[in-house]
Amino acid sequence: MISIRQRKGVKTTEVSEDYAAQEANVKLENKLPSGCTTRRLWKLLSFTVGGTIALCIGLLTSVYLATLHENDLWFSNIKEVEREISFRTECGLYYSYYKQMLQAPTLMQGFHGLIYDNKTESMRTINLLQRMNIYQEVFLSILYRVLPIQKYLEPVYFYIYTLFGLQAIYVTALYITSWLLSGTWLSGLLAAFWYVTNRIDTTRVEFTIPLRENWALPFFAIQIAAITYFLRPNLQPLSERLTLLAIFISTFLFSLTWQFNQFMMLMQALVLFTLDSLDMLPAVKATWLYGIQMTGLLLVCILQFFNSMILGSLLISFNLSVLIARKLQKNLKTGSFLNRLGKLLLHLFAVLCLTLFLNNIIKKLLNLKSDEHIFKFLKAKFGFGATRDFDANLYLCEEAFGLLPFNTFGRLSDTLLFYAYIFVLSITVMAALAVAFHNLSDSTRQQSTGQMGKCTIILKPETAYNLIHTILFGFLALSTMRMKYLWTSHMCVFASFGLCSPEIWELLLKSIHLYNPKRICIMRYSVPILILLYLCYKFWPGMMDELSELREFYDPDTVELMNWINSHTPRKAVFAGSMQLLAGVKLCTGRTLTNHPHYEDNSLRERTKAVYQIYAKRSPEDVHALLRSFGTDYVILEDSICYERRHQRGCRLRDLLDIANGHMMDGPGENDPDLKLAGHPRFCEEIKRNLPPYTAYFTRVFQNKTFHVYKLSRNK
């Protein structure tokens, strides 16, 4: 930057001062055009190169993941039924609605079939567009019908290529976020490299393609990138409006495509609340973001036919509470340190109480019980009392909902990601604490405003947002392994930004008295380049070996079962069994189900527990009566569940059922003193003996090494 100042020790008249100023201005005008032109050309070149690399690396990542999927299953060579079986558990359920829309004679009939569905849950008609987040399947099915691609691309490939294409957008958004934070596209490149080399811990799209998170996370990444840009100071009005539009669209699409959107956005709202309370974020911008969250969620609520789970979400209650409490406490950001700290604690207490009050009122008015299982799970998980609740224990015993395994950090350390992340996190946390203490120490708002510029040099609002974001999502990932993909991808962004950020290196070098502008420039470019070279050297051969390794899908027992159902049972037959298997039955055969894996409904959870009595110690009369109450014609028993060894004692499905029924568990080990011996043997074991009490109600019609199918008698 060129600056002009008066020389010290020289006395001049006003005329000479004017002349000197005019002469200096002439010199400045002569120098600026060439300098500005050079800088503009350099910025344009940097933007072009960085943008091109972003697009290329996004596409390469997409191709890489698609190739791994093909090599793992030989997807192009296996039969259609095998392709569909490869969509395990709830993935198969979601894909079945895409298939259903394509098979409908017209789009209107397809919509009608989804709104008035009587095949997903027997003896009930449900609105699938209200219950589930499947608008993406609807949209894709319409696109496939409209576009002239039917002759060149099979429906299943159109579906999976769309998902892999979204991964290109995902990586590009991560790249851009890191670039925006650091000011150089080199950090974006490093973030993308880390995302790919830590693929096991950053994504699972190649083997769970239709999962809702694989649709939603790319839009979440776009939203974070847009928020990062929006929080920059001194944005032009047009840029600010366009950024707000991008935030709204990405928030809306994220909310539309994942049923757990409200919990993720609640974490974001907590980030905004923290920064706003500590005066590290402009209050006006925080208000805009609160409003966008609620507007996007309410619009999704309308599209989902006023889904009560959305209206009763904690996010709506929390955002309303924050805005109300802020209006009531107008002088929150004035006073001495102790004064402000007291006001802040009071504000926090008021928001918490108001959130719980509003949420309870809304849930009572709507008679909402859809998310009860989540709070029961959280209560038991964090040690607020043991539970015998079947639904809560079903989650607690799943590895995906357990604590993050320690070996995750070993894998992240192999790529140097974890070390870099801790390094950057430590520096930014210390800077954030210093800024927060500084802001709270101002005695008046005027002082705080006067020194705001100085504070934001230490920690910019966009950096502060991403810091609190990564900390909160880190705690979420540590507590629940399934949520690690939200954290690890952002970890790549945050670590790469820090290594390429001049502010981070300035803070570090100043703290050890080695500050020098040239050293900052050297460190912010040399360190990421060295890490990129290390990653290429260490992981490139392994990635090439991985791409050359060819495997094939092989599940003959499930294929045999699906083929038998298609050829030997009526189209309107009703099947009972495990949630995971029935999703495949729905996709491969189109038969009616008693239950399914989309667990966000209280009546469905009760129904699933009733159906699962086939693995409990119940009499054949009881089991038959329960299954027939749901219109069941056939029940599928799985040896892998009946004789399960994957989980330890107390976490096997049969153990969870025994505990919920008040029965003692099988095998050596302790039982709670109030549990009693069951009056009947385990149903799934005893039925195979073909004893008269069982054959009177159930007739075996199919079996192989894995599955046993029984037809229920109707005259009992």
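## The sheet and its strand order

In what order do the 5 strands of the open sheet stand? The order is S2-S1-S3-S5-S4, and the pairing is mixed. The edges are held by S2 and S4, each of which has a single partner strand, so one side of each is left without a neighbour in the sheet. The model described here is predicted.

## Overall architecture and confidence

The secondary structure of the protein comprises 34 helices and 5 strands. Computed along its principal axes is not the basis of any experiment here; the C-alpha trace spans about 120 × 60 × 55 Å. Of the 716 residues in the protein, 53% are buried. Among contacts with a separation of 6 or more, 71% are accounted for by residues 24 or more positions apart.

The mean pLDDT of the protein is 89, and 92% of its residues reach 70 or more. Over residues 1-32 the pLDDT stays under 50, and the model has 7 contacts for them beyond four places in sequence. Residues 443-456 also have pLDDT below 50, with 17 contacts in the model beyond near neighbours in sequence. Where pLDDT is low, the predicted coordinates should not be read in detail.

## Pairing within the sheet

Strands of a sheet pair through backbone hydrogen bonds, either parallel or antiparallel. Strand S1 (residues 574-576) runs parallel to S3, and 2 bridges join them. In this pair, Phe575 stands opposite Tyr634 in S3.

Strand S3 (residues 634-638) and S5 run antiparallel and are joined by 5 bridges. Leu637 has His708 as its bridge partner in S5, while the partner of Tyr634 in S5 is Lys711. On the other flank of the pairing scheme, strand S4 (residues 698-703) pairs with S5 in the antiparallel sense, again over 5 bridges. Thr699 has Lys711 as its bridge partner in S5. A hairpin of 3 residues joins S4 to S5.

## Covered strands and the helix across them

Are the residues of S3 buried or exposed? In S3, 5 of its 5 residues are buried. In a regular strand the side chains alternate between the two faces of the sheet. In S3, Tyr634, Ile636 and Glu638 point one way, and Val635 and Leu637 point the other way. Strand S5 (residues 707-712) is also mostly covered, with 5 of its 6 residues buried.

Helix H30 (residues 620-628) lies across S1, S3, S4 and S5. Its direction is at about 75° to S4.

## An enclosed helix

Helix H32 (residues 653-661) is largely enclosed by the rest of the structure, because 7 of its 9 residues are buried. The buried residues are Leu653, Arg654, Asp655, Leu656, Leu657, Asp658 and Ile659. These residues pack against helix H18 (390-396), helix H29 (602-611) and helix H31 (639-642). Gly662 follows H32 and has a positive phi, near 80°.

## A buried histidine

His598 is placed in the loop between strand S2 (592-593) and H29. The residue is buried, with a relative accessible area of 2%; the cut-off for burial is under 20%. Leaving aside residues up to four places away in sequence, His598 touches Leu93, Tyr94, Arg131, Met132, Gln259 and Leu604.

## A packed pair of helices

Two packed helices are described by the angle between their axes and the distance between the axes. For helix H13 (residues 283-303) and helix H15 (residues 314-328), the angle is about 150° and the axes are 10 Å apart. H13 passes H15 in a left-handed crossing.

From H13, the contact is made by Ala283, Ala286, Thr287, Tyr290, Gln293, Met294, Leu297 and Leu298. From H15, the contact is made by Leu315, Ile316, Asn319, Leu320, Val322, Leu323 and Arg326. By class, the contact has 11 nonpolar, 3 polar and 1 charged residues.

How values were computed. Residues numbered from 1 in each chain as written. Heavy atoms only, no water. Axes fitted to C-alpha atoms, helices over the stretch in contact; angles between N-to-C directions. Helix = DSSP H or I, 4+ residues; strand = E, 2+ residues; numbered from the N terminus. Left-handed = near helix turned anticlockwise from the far one by under 90°. Contact = heavy atoms within 4.5 Å. Nonpolar A, V, L, I, M, F, W, Y, C, P; charged D, E, K, R; others polar. Buried < 20%, exposed > 50% of the residue type's maximum accessible area, 1.4 Å probe, protein only. pLDDT = per-residue confidence, 0-100. Pairing = 2+ DSSP bridges.
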